[in-house]
Amino acid sequence: MAEKIWANSGDSHFIEAVEAWSELPAHLAERMPKAVKDPDGEFETVTVDGQSFRRKLPTPAQQEFMERSQATAGVGDVTVRLADLTQEGIWAEVVYPSLGMWNSMFRDPVLVREAMKVSNDWVKATLLDASPRLIPTAQVSMLNIDDAIAEVERTAALGFRCVFLPTSPPAALDDYNRDSWEPFWDACVAANMVLAFHIGTDPIDHVGGEVIGVAYRGPGGAVMNHTNSGYSAMHAAMKMVASGALDRHPELKMLVSEGGAAWVPYIGDRMNEAYRQHGFRVQPKLSASPKEILYRQVYATFQHDETAVATMTAMGYQNVLWGSDYPHLEGTFGHTQETLHHLFDGVDEQVVHRITIGAFLDLFPEAGEPQPGRVS
Ligand code: MN
């Protein structure tokens with residue numbers, strides 16, 4: 001048996017129990033996301049805050065494949081989850097709850113404000129208090145920045161260390177490069193919160209179609225859609241760097257989960273080229289080059305990417321984090337050790353430590369070094 005490699009993960013998922021919504025007043029609870037199977041059995045209709053869309057249910061063959069590949073219980077059961085993590089060799093992990101995935105479908109600011117509070121309280125009791133290995137993201141309104149600020153402050157006081165943000169805000173809010181976000185960045189610095197972006201959360205992925213996340217159909221669609229979802233990582237980082245938001249807040253760190261790492265040097269060069277060659281029309285001016293700010297304050301996670309080690313060793317980007325994406329299909333559940341050995345066998349020990357443990361500890365020092373003997 002090969003020696004177990006322990007790693008922290010910057011990317012995993014959990015689904016809040018629907019029972020949590022009973023904490024809301026009835027007139028709000030009834031507008032929370034729900035899915036009802038259509039009579040044809042092939043589709044389901046999802047309704048969120050009065051808006052509906054249909055999505056295709058997996059075929060029996062797809063269902064079987066997913067059940068073989070996924071840890072279905074650990075997505076909603078903390079005890080199963082912690083046992084899975086130990087089995088896989090994952091010590092601490094950032095956990096994205098799921099309500100925020102519906103951000104772009106909510107219309108009522110009061111509903112979303114109250115729902116995020118109830119969800120965050122439930123997540124604290126269920127995940128945050130269950131184990132120091134679980135680092136859940138707080139979720140905040142994407143309809144009103146003042147509400148989002150208040151919830152960042154409230155959840156930081158509860159012990160949350162990071163806040164989930166979609167890679168682009170819904171149309172109700174300005175994009176992240178605009179000044180209206182400045183008080184939110186200030187609040188995150190004051191509350192010591194890491195910004196946790198997750199790919200595939202642009203509003204376009206959530207509305208107007210039958211299936212979430214589907215931009216392309218026809219030949220190549222599955223590969224094209226998965227590849228495409230990663231581009232939103234670049235968009236989020238680009239906006240935060242070029243707008244000066246990160247430059248004005250040097251303590252602010254952002255994590256971009258699931259989009260890989262090799263894009264970081266690429267957009268760094270691209271932004272530097274624009275900053276230099278188009279300097280006459282660049283505003284705002286930054287105190288360092290875009291690439292320096294990107295390399296300093298942006299952290300990126302990958303699962304399987306064979307280019308990730310070289311992104312650090314050959315291209316000098318130190319904030320590469322591994323992520324399991326537990327328990328999703330594109331993640332490593334069931335083959336985490338195989339993946340880690342494939343990636344890291346023969347690689348310099350300090351590089352391995354930085355990618356599996358160290359970069360994560362920059363963001364969440366309280367997670368500490370792995371303690372394999374501990375059970376929770
Ligand atoms: Mn993920």
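Q: Which residues of α12 are buried?
A: Thr336, Gln337, Thr339, Leu340, His341, Leu343 and Phe344 are the buried residues of α12 in this predicted model. Buried here means under 20% relative accessible area. The helix runs over residues 336–344 and is mostly covered, with seven of its nine residues buried.

Q: What follows α12?
A: Gly346 follows α12, and its phi is positive, near 85 degrees.

Q: Which residue other than glycine has a positive phi near 55 degrees?
A: Asp325 has that value. Asp325 sits in the loop between β11 and α12. Its relative accessible area is 0%, so Asp325 is buried. Glu258 is also not glycine and has a positive phi, near 85 degrees. Look for Glu258 in the loop between β9 (254–257) and α9. Glu258 counts as buried because its relative accessibility is 12%.

Q: Which residues coordinate the manganese ion?
A: Asp325 and Glu258 come up again here. The ion is coordinated by Asp11 through two OD entries, His13 and His198 through NE2, Glu258 through OE and Asp325 through OD. The distances are 2.1 to 2.8 Å. Along the chain, the donors follow the spacing D-x1-H-x184-H-x59-E-x66-D. Asp11 is buried, at 0% relative accessible area. His13 counts as buried too, at 3%.

Q: Why is a site with six donor atoms and angles of 50 to 167 degrees irregular?
A: Six donors count as octahedral if opposite donors are over 155 degrees apart and all others between 65 and 115. The angles among the six donor atoms here span 50 to 167 degrees.

Q: How many residues are in the largest nonpolar core?
A: Start with the general idea. Nonpolar side chains tend to be buried together in soluble globular proteins. Here, the largest nonpolar core has 70 residues. Those with the most contacts inside it are Phe184, Trp185, Leu195, Met240, Met254, Trp263 and Val298. Helix α7 (residues 221–242) gives the largest share of this core, six residues. Apart from it lies another core, of 20 residues, including Phe164, Val194, Ile357 and Leu361.

Q: Which residues are in contact with Trp185, leaving aside its neighbours within four places in sequence?
A: Leu165, Tyr176, Leu195, Met240, Ala245, His249 and Leu252. Trp185 also belongs to a cluster linked by ring pairs, together with Tyr176, Trp181, Phe184 and Phe197.

Q: How many aromatic pairs does a search of the whole structure find?
A: The search finds 13. To describe a pair of aromatic rings, give the distance of the centres and the angle of the planes. For Phe14 and Trp122, the centres are 6.1 Å apart and the planes are at 40 degrees, so the pair is tilted. This pair links distant parts of the chain, 108 residues apart. Phe14 is in the loop between β1 (7–9) and α1 (26–29), and Trp122 is in helix α4 (residues 109–128). Phe14 is buried, at 1% relative accessible area.

Q: What sits over the ring of Phe43?
A: The charged end of Arg54, 4.2 Å from the ring centre. Likewise, the charged end of Lys285 sits over the ring of Tyr275, 6.0 Å from its centre.

Q: Which residues does a cis peptide bond join, with omega about 0 degrees?
A: Pro284 is in the loop between α9 (263–277) and α10 (290–297). Another joins Tyr326 and Pro327. Pro327 lies in the loop between β11 (320–322) and α12.

Terms used
Residues numbered from 1 in each chain as written. Predicted model: local features only at pLDDT ≥ 70, side-chain atom pairs only at ≥ 80, totals over all residues. Heavy atoms only, no water. Donors = N, O, S within 2.8 Å, 3.2 Å for Na, K, Ca; no water. Tetrahedral: all angles 85-135°; square planar, octahedral: opposite > 155°, others 65-115°. Buried < 20%, exposed > 50% of the residue type's maximum accessible area, 1.4 Å probe, protein only. Core = buried A, V, L, I, M, F, W, Y, C linked by side-chain atoms within 4.5 Å. Helix = DSSP H or I, 4+ residues; strand = E, 2+ residues; numbered from the N terminus. Contact = heavy atoms within 4.5 Å. Phe/Tyr/Trp six-rings, centres within 6.5 Å; stacked < 30°, edge-to-face > 60°. Lys NZ or Arg CZ within 6 Å of the ring centre and 35° of its normal.
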